[in-house]
Amino acid sequence: MSWGRAWTIAKRDLSSGFRGLRLLLVCLFLGVGALAAIGSLTSAIQGELDSQGQAILGGDIEVELWQRMLNEEELAFLEEYGTTSPGYRLQAMASTPDAAVPVELKAVAANYPMYGTLLLQGGVSAEAPSAGEAYLAEGAAERLDAQPGDVITLGTQQVTVAGIIEEEPDRLSEGFALGQTVIVPLDLPEQAGLVAPGSMFQTKTRVAFAGDDDPDTVVEALEERFPEVSFDTRTRNRASPGADRFVSRMGEFLTLVGLAALVIAGIGIGGGVNSYLEARRNSIATLKILGATSADIVRIYALEIGMAALVGAGAGLLAGVLVTPLLANALGSLLPVTTDFVIDPWALGRALAFGLLVALVFAAPPLARAKQFPAMALMRARVSPLAQAWRGAALPVGLGIAGIVALAIVGSNNPELSALFLGGAAAILGFLALLGRAIRWAATRAPRPADPIVRAALANLHRPGAATGSLVTALGFGLSAFVLLAGVQSSLDGNIQRSVPERAPDYFVLDIPRDRVEEFRGVITDVSEDAVIETVPTLRGSIVAFGPEGNMTRVSEMEEGREGTWGLRGERGLTYSDVIPSGNVVTSGEWWEDGHAGEALVSVDEELAAAAGIAIGDLVTVNVLGVDFTARVANTRRIDWESLGFNNVWVFSANTFETAPHNLAATIEMPEGTDTSGLLRTLVNAFPSSSVIEVGPILTEARTILDQVSLAILAAASVAVLAGIAVLLGAIAAARAARIYDTVILRVLGASRGQLLALQFAEFGLLAAVLATVALAMGSGVAWLVIVQLFEFDWLPDWTEILAVLGGGLVLVLAFALGASLPLLRARPAQTLRSL
């Protein structure tokens, strides 16, 4: 039979629509649609980050340093490549006679912005503020109740509000802010006494290239020219590493969720195709009797299934494209993404290829089974079920799996994670297949219950033609998806609602003069005598060298990317103490005595020490404000990073930095119900050069971000849950023909409608009871991997919520099972027996 003739027959068979292939359509629609939307959105965001790199960064490269500007030699090196624009970044307090608020002070040069456009309210394009002026973010203006023309105080200087910021072109590259932005001229922080020696501030020098230099090459040349300086650099190619990392990680996770939905849908595809071919069993047998070969049968039904797969996948692609602007609009406040329709050929082609390959893998076995059996065997399939025929499907299934693996790994930003996911999905499928066999085996050997309903339900699990295997797979995946969703959602809620608020202080205060610490305590205790105040010295420095005396390793000569050694690179927060910091535990060595006056000593985080090979007795050299200090490692300690207090990798003995200028930082915890309305204003008046960070607004912003992450996970996981429900319905529908036969026979033998419903309930109840434990283990295990390994949050599930969701899933399963049984009860025995 030619392909043309096969298409003619297939087209006639499909003339009434895809009635028997609706499950295939729904499953492919869900899986391909999810992958298309995720791929298009990720591509759109990444495209905006790449195309707007210069504007987002504010230059072609950016060089950051702590507590100093670039010196003349460093600046001259950068000026060889183009125009430089220096600036300060620091926490400060802005105040009026009636209010005081913490702000992120951004001091910029006269040529700011070199790229992009700074817009003020009213759509006015602006340059850097003039002397004595400031631009305020809308939130800062609201809290200060300040309008253009009003006067505010920053440190010891008064400035005039020259405008309210509507759009800050480099906002995304600045990272997570601890306050609302205030843009001021470059010289204001020094005039206001905010950048004295020892103060906590950053400098950012941006370069706009005069030629077509490669940013990465320039950064390499800078680091090679000044190997001992701990520059923190960024380029236009990675203008916002945090956003890049977030997009990459979230995109990878959502892609895996989409693949999971497609794998679950694949089970439904297999069941749907099997059910479709079963319904056409007589047609296939008739075609064979009339002379059609097995190859002809494959051509006809492969065309039908392929056409249905293309329609379902095409509808999914269209839905993915249509939903992308809605997703982009939801993320518009966090990331630069166009809200127009996004047509990314690679993302759409990848989603389509995934869908068709999954359809091939799961549709090939039932098609091969229909191909290989003779006409008489097909006609007798009702009373003599066909055996599984995997040999004929081995080649297409193998090719399909190879294609899925290649596509998942080659197109992934994290091939290891994709490979791990695919291996895990294969392992779960294999486990559920073995579990289905085990349940059938156990049912054959279980004692015969006295109750006839239970006895018949048990027999239904292992009788010839029983759909136990497909039901176990469908129920296992579906219930596991419910548990996964509940585990991820409740654990994120736990991180948002329980972990952070319980441990967070009310305020952080920076740059408290060392000689005025008692005065500072007095200001706080005047508001509440029960306030808990913790102060620590704060310095910034870079680790120069470490190791045994006489054989120290220089950090500048270490290989890049050495895992776990982040605490050696760049500018690090430093402190000193004669007592063990709160929440820290010494794990090796001994802490020095109070008032230690001998050789300078240092305590190191145990994880860093293990990764870098630092041992007790080694020396560590650190550079602070251009001066080297050397201390001997006295001990290692375990740090409680979740305490939200002052945690430092390096803690030195108090005598180490006697000559280094520095200030103190403090945390303040107020008793619940304390009126702190005038505290900020009092602190500003008493300590104008200090800055206060309110923890409440930061936690609110963090909760908002986590809520958005949680919503994205919920939406993506819902697709997998919907696919699981579709698969379950398909598995129940696939066995309907056999169940009609069983139901009619039982009714002829005298069974009542109530007994038949009880039989269905008992059969599905037995399966659900066994699979509930399996689903709880699998779903919570995958949820733990997502929360702890992928997103690096704490594992804080609400087991009550998880068990409630699992219970709801079980009720839903039983409701579907009983709902599918109702049409069986309406079957007329005489009419049904004549059609067999």
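Trainee: Is Val527 buried, partly exposed or exposed?
Mentor: This is a predicted model, where local features need pLDDT of at least 70 and side-chain atom pairs pLDDT 80 or more, while totals for chains, interfaces and linings use all residues. Residues are numbered from 1 along each chain as its sequence is written, and side-chain values use heavy atoms, leaving out hydrogens and water. With a 1.4 Å probe and protein chains only, buried means under 20% relative accessible area, exposed over 50%, and partly exposed in between. Val527 has a relative accessible area of 33%, so the class is partly exposed.

Trainee: How are helices H4 and H8 oriented to each other?
Mentor: Axes are lines fitted to C-alpha atoms, for helices over the stretch in contact, and angles between N-to-C directions run from 0 to 180 degrees. H4 (residues 72-79) and H8 (residues 215-225) pack at about 155°, with axes 11 Å apart. Angles under 35 degrees count as roughly parallel, over 145 as roughly antiparallel, 65 to 115 as roughly perpendicular and the rest as oblique. H4 and H8 are therefore roughly antiparallel.

Trainee: Which residues make the contact of H4 and H8?
Mentor: Each helix contributes part of this contact. From H4 come Glu73, Phe77 and Leu78, and from H8 come Ala221, Leu222 and Arg225.

Trainee: What kind of aromatic pair do Phe520 and Phe687 form?
Mentor: Rings of Phe, Tyr and Trp (its six-membered ring) pair if their centres lie within 6.5 Å; planes under 30 degrees apart count as stacked, over 60 as edge-to-face and the rest as tilted. Phe520 and Phe687 have centres 5.8 Å apart and planes at 75°, making the pair edge-to-face.

Trainee: Where in the chain do Phe520 and Phe687 lie?
Mentor: Phe520 is buried at 1% relative accessible area, and Phe687 is buried at 3%. They are 167 residues apart: Phe520 is in helix H18, and Phe687 is in the loop between helix H20 (679-686) and strand E23 (691-694).

Trainee: Which residues do ring pairs link into a cluster?
Mentor: The structure holds ten aromatic pairs. Ring pairs link a cluster of Phe77, Tyr81, Phe209, Phe226 and Phe231.

Methods: Helix = DSSP H or I, 4+ residues; strand = E, 2+ residues; numbered from the N terminus. Contact = heavy atoms within 4.5 Å.
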